[in-house]
Amino acid sequence: MSRVFGVSKVRLNGVDYGTKQGASLELGGETKTSQYASGKRTGSSGEPIGSKITLTVEVTAATDIEALRKFEGVAEYVMDTGQEYSAGNSEVTEPVKISDNGGGAELTIEGDPATLTT
């Protein structure tokens, strides 16, 4: 029987800062828009779109918040099923949000479209 995906972790330039459950990945690629002529759909036009990772990392006394805030590089989304996606040219796109509601720092990272590496 196949293993069902349940938990992921995110590595930023190879470092796992303690990903809390609930991280998500939008793979990116191409978004398509329908085109119409004379009231009929004639096809679609495409536009490239990058990947997007949202995650929360656990904050401890040793967590380097400034490194998270200034992150640029490769973001990897690792699933517990053994699949890994990698997105180069990634960076934090929104201010890091720190909250005592769950003890974490929330990040939004965007980069090149994610590719399956394993």
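Predicted model: local features only at pLDDT ≥ 70, side-chain atom pairs only at ≥ 80, totals over all residues.
Local features here need pLDDT of at least 70 and side-chain atom pairs count only at pLDDT 80 or more, while totals for chains, interfaces and linings use all residues. Residues are numbered from 1 along each chain as its sequence is written, and side-chain values use heavy atoms, with hydrogens and water left out.

Strand β7 (residues 72-79) pairs with two partners, β1 and β8. Strands are DSSP runs of E, at least two residues, numbered from the N terminus, and two of them pair if DSSP finds at least two bridges between them. With β1 (residues 8-12), the pairing is antiparallel over 5 bridges; with β8, it is antiparallel over 6 bridges. A75 shows up on both sides: L12 has A75 as its bridge partner in β7, and A75 stands opposite A87 in β8. The β7-β8 hairpin leaves 4 residues between its strands, and G82 in that turn takes a positive phi of about 100°.

Glycine aside, positive phi turns up at S38, near 55°, and at N89, also near 55°. S38 sits in the loop between β4 (29-37) and β5 (40-49), whereas N89 lies in strand β8. S38 is exposed at 79% relative accessibility, and N89 is exposed at 60% (buried is under 20%, exposed over 50%, partly exposed in between; 1.4 Å probe, protein chains only).

Strand β8 (residues 84-92) also holds E91, which is partly exposed with a relative accessible area of 38%.
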